[in-house]
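I opened this notebook to record what I looked up in one structure. The entries run from the whole chain to single residues.

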Amino acid sequence: MGETKKGFFSKLVAGLSKTRNNIVAGIESIFNGFSNIDDEFYEELEEILIMADLGINTTGAIIEDLKRKVKEQKIKEPKECKDLLIQSIMDQMKVSETAYEFENRKSIVLLIGVNGVGKTTSVGKLAGQLKDKGKKTLVAAADTFRAAAIEQLTEWANRAGVEIIAQQEGSDPAAVIYDAVVAAKARNTDVLICDTAGRLHNKKNLMEELKKIDRVITREYPEAYRETLVVLDGTTGQNALAQAKQFSEVAEITGIILTKLDGTAKGGIAIAIQSELGIPVKYIGIGEHIDDLQKFNAEDFVNALFN
Ligand SMILES: Nc1nc2c(ncn2[C@@H]2O[C@H](COP(=O)(O)OP(=O)(O)O)[C@@H](O)[C@H]2O)c(=O)[nH]1
Ligand SMILES: [Mg+2]
């Protein structure tokens with residue numbers, strides 16, 4: 001491992017410590033405590049995975065997969081199951097190589113999600129990362145609902161060292177996007193990242209607002225590569241899964257940013273989202289600092305969680 005990679009990994013391990021404590025102790029007690037792979041063993045394992053927020057469906061799929069492999073490979077020792085389990089989870093979570101294609105294109109990235117999940121913070125962190133990579137980055141303050149939201153994004157833009165397009169509180173979000181798109185084209189911007197308001201996702205007006213934003217982008221900048229990320233708060237567990245489902249009904253979601261995994265999250269929700277919705281978790285947030293956003297790496301994530 002190189003220095004940066006190592007630094008990231010230890011940060012990930014530290015960030016996920018609460019998540020891990022929720023899972024590891026239970027997992028260890030099962031793999032070491034049982035002498036046979038029997039129904040009781042599977043039942044306890046099932047219980048722990050559900051407690052870790054993997055949800056019933058995902059847990060069911062993982063247990064079935066494990067049972068099949070145990071049989072095929074004639075495994076007798078519970079301890080030997082651990083690697084199989086880890087492998088099975090990793091297989092469910094692979095992020096495709098094209099997941100971050102927007103970084104290499106002229107692109108528009110939209111962050112959507114309910115209030116307080118970490119959209120504005122994630123826009124700032126993402127802008128900082130792209131800027132560090134030498135990408136010409138612009139952010140748009142399309143959460144015009146509260147003045148504080150515009151100020152907050154302005155602070156993040158300063159921190160990240162990128163420019164911001166904003167209007168006054170109460171203005172039309174689609175008008176802000178229009179300004180931002182015009183600016184992005186004129187300035188030869190690589191990536192335009194747009195913050196949005198966290199209205200209730202099941203409300204008709206949010207749907208209308210997203211459609212309007214979409215129309216503006218399609219009309220003004222049809223060749224832009226599009227990325228629409230739903231931001232979810234990892235501490236809300238199964239509720240985050242429900243939000244992802246609802247947003248996927250109103251917008252073409254290309255990925256998830258799962259935040260606050262440094263909190264009391266039970267990171268298993270990342271596994272559930274991926275497996276139940278087929279939407280890749282592309283980034284995870286593990287703190288409030290500008291560096292605390294990482295690309296999701298299934299192997300690192302599962303290792304940080306289980307080892
Ligand atoms: N611990 C922690 N806090 C976060 C993370 N991401 C965002 N927050 C905090 O969550 C709160 C809400 O974030 P904000 O970006 O304003 O959410 P928004 O309403 O969706 O724009 C702020 O206090 C952020 O500092 C994270 O990954 N970890
Ligand atoms: Mg916000």
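**Entry 1. Model and overall form.** I note at the outset that this is a predicted model. I looked up the secondary structure and found 12 helices and eight strands in the chain. I then asked what radius of gyration the chain has, and what a compact globule with 307 residues would have. Along the principal axes, the C-alpha atoms fill a box of roughly 65 × 45 × 35 Å.

**Entry 2. Burial, contacts and surface.** I looked up what share of the 307 residues is buried, and the value is 53%. For contacts between residues at least 6 apart in sequence, I recorded that 77% join residues at least 24 apart. The accessible surface of the chain amounts to about 14000 Å². Carbon and sulfur atoms account for 48% of that surface.

**Entry 3. Charges.** I counted 39 positive and 46 negative charges in the chain. Their mean positions lie 4 Å apart.

**Entry 4. Cysteines.** How many disulfides does the structure hold? I found zero.

**Entry 5. Positive phi values.** I looked up the backbone of Asp53 and found phi near 75°, a positive value in a residue other than glycine. Asp53 is placed in the loop between α3 (39-51) and α4 (55-72). Is Asp53 buried or exposed? Its relative accessibility is 10%, so Asp53 counts as buried. I then turned to Asn188, which is not a glycine and yet has a positive phi of about 55°. Asn188 sits in the loop between α8 (173-186) and β4 (191-196).

**Entry 6. Thr228.** I located Thr228 in strand β5, which spans residues 225-233. With a relative accessible area of 8%, Thr228 falls under the 20% cut-off and is therefore buried. Which residues is Thr228 in contact with, leaving aside its neighbours within four places in sequence? I listed Leu110, Ile112, Glu252, Ile253, Thr254 and Gly255.

Methods:
Residues are numbered from 1 along each chain as its sequence is written. Chains are lettered from A and ligands numbered from 1 in the order in which they are written. This is a predicted model: local features need pLDDT of at least 70, side-chain atom pairs count only at pLDDT 80 or more; totals for chains, interfaces and linings use all residues. Side-chain values use heavy atoms; hydrogens and water are left out. A disulfide is a pair of cysteine sulfur atoms within 2.5 Å. Helices (H or I, at least four residues) and strands (E, at least two) are DSSP runs, numbered from the N terminus. The radius of gyration is taken over C-alpha atoms; the globule rule is 2.2 Å times the number of residues to the power 0.38. Buried means under 20% relative accessible area, exposed over 50%, partly exposed in between (1.4 Å probe, protein chains only). Contact means heavy atoms within 4.5 Å. Accessible areas come from the Shrake-Rupley method with a 1.4 Å probe; for residues, only the protein chains shown count as cover. Lys and Arg count as positive and Asp and Glu as negative; His and the chain ends are not counted. The place of a charge is taken as NZ of Lys, CZ of Arg, CG of Asp or CD of Glu.
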